[in-house]
Amino acid sequence: MKTSKWAGAGAAAVGAATTAAVLLLGTATASAADGPRPSNAFGIKVDSPVASLPAVPYVEYDGEKASDELVGTDGSLKDAPFSVRLVTAEADEHSAESSVADLEVGGLLKAKLLRTWCEDGDGGLQIVDGSVLGVALPETPAPSLVIPASPLLKLTLNQRDEHHDGTSTYTGLTLDLVTAGKDPKAALDEKTRGALPDLAGALHLPKLADAKTVEDLTALLPAGGSVLSLTVGSATCGPADEKAEPTRIPEPATGHPEAPKPAVTEYSLPVTG
């Protein structure tokens, strides 16, 4: 099996990014032990048997607003199984956000913009001109929306995970191309086969373009049956602390209190005699 240039020549860049992410994530774990985890965000990550990418760029609030960005020509994204123009991430005290501009994953997924956000514990996903296998995606997906785009392809949008510390993580989009559990002799559906040439180029597996059955796909990949798992956008934050209004105690009166003025009530008396 051919190893991706991205996993080989780009190993130094990816390794550095991995080290940074581990250090940052370690800090997040330590902070979480003392209280709610800090706000954090990342733009994109990939899990694949032939190429992987840690969560980049990863940022975390540490008392000051943090932000970072990667352009599509950045070394850590070189030869990735997708193309992008710009990936950004930022995190503040009670908010976090990431955005991915001009994303294309072979012939599987396209989007002009994917923006994942979180503010005071609430959040969501915004999609501009997005499609999977040519089918348009909603601009503001419902929470945890799952789209079975094909028998082998699953798309999860706007997933929310609540944590015990009161914070919430919003994952914008997860794309899984999986063969595990499928009938090996089953023929690939027309949409998946149509996307294979582009995917073969993205993963540097030219023979993938000729696959006609599930068995053909798994023969080209290590055990496990996962061809590609792509996560686009993650934002974690918690609600702002509610500050109760102080109870106001009336100041004691000074001097002699003023006597209330007598009330005047009019009566109509009957006339007699």
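What follows is a chat about a predicted model of one protein.

Visitor: What is the average pLDDT here?
Guide: The protein averages a pLDDT of 78, and 73% of the residues score at least 70. pLDDT is the predictor's confidence in each residue, from 0 to 100. Because this is a predicted model, local features need pLDDT of at least 70 and side-chain atom pairs count only at pLDDT 80 or more, while totals for chains, interfaces and linings use all residues. Residues are numbered from 1 along each chain as its sequence is written, and side-chain values use heavy atoms, with hydrogens and water left out.

Visitor: Where does pLDDT stay under 50?
Guide: Over residues 1–33 and over residues 243–250. For residues 1–33 the model has 50 contacts beyond four places in sequence, and for residues 243–250 it has zero. Contact means heavy atoms within 4.5 Å. Where pLDDT is low, the predicted coordinates should not be read in detail.

Visitor: New topic. Which strand pairs with β1?
Guide: Strand β2, residues 53–60, in the antiparallel sense over five bridges. Two strands pair if DSSP finds at least two bridges between them. Helices (H or I, at least four residues) and strands (E, at least two) are DSSP runs, numbered from the N terminus.

Visitor: What stands opposite Ile-44?
Guide: Val-56 in β2. A cis peptide bond joins Val-56 and Pro-57, with omega about -25°. Pro-57 is also found in β2. Most residues other than glycine have a negative phi, and most peptide bonds are trans.

Visitor: Is β1 mostly covered or mostly exposed?
Guide: Mostly covered: six of the eight residues in β1 (40–47) are buried. Buried means under 20% relative accessible area, exposed over 50%, and partly exposed in between, with a 1.4 Å probe and protein chains only.

Visitor: Which residue has a positive phi?
Guide: Asp-129 is one of them, with phi near 50°. Asp-129 sits in the loop between β7 (122–128) and β8 (131–132). Asp-129 counts as exposed because its relative accessibility is 64%. Ser-144 also has a phi near 50°, and lies in the loop between β9 (135–136) and β10 (145–150).

Visitor: How many salt bridges are there?
Guide: A search of the whole structure finds eight. A salt bridge is a side-chain nitrogen of Lys or Arg within 4 Å of a carboxyl oxygen of Asp or Glu. One of them joins Arg-85 and Asp-102, at 2.7 Å from N to O. This pair links distant parts of the chain, 17 residues apart: Arg-85 is in the loop between β3 (66–71) and β4 (86–92), and Asp-102 is in strand β5 (95–105).

Visitor: Which residues are in a network with those two?
Guide: Lys-112 is linked with Arg-85 and Asp-102 in a network of salt bridges.

Visitor: What does Lys-185 pair with?
Guide: Glu-215, in a salt bridge of 2.9 Å from N to O. Lys-185 is in the loop between β12 (168–178) and α3 (190–203), and Glu-215 is in helix α4 (214–219), 30 residues apart.

Visitor: And why is Lys-185 called exposed?
Guide: Because its relative accessible area is 59%.

Visitor: Last one. How many residues are in the largest nonpolar core?
Guide: There are 45, and those touching the most other members include Phe-82, Leu-103 and Leu-199. α3 gives the most to this core, with five residues. A nonpolar core is a set of buried Ala, Val, Leu, Ile, Met, Phe, Trp, Tyr and Cys residues joined through side-chain atoms within 4.5 Å. Beyond four places in sequence, the contacts of Leu-199 include Gly-106, Leu-177 and Val-227.
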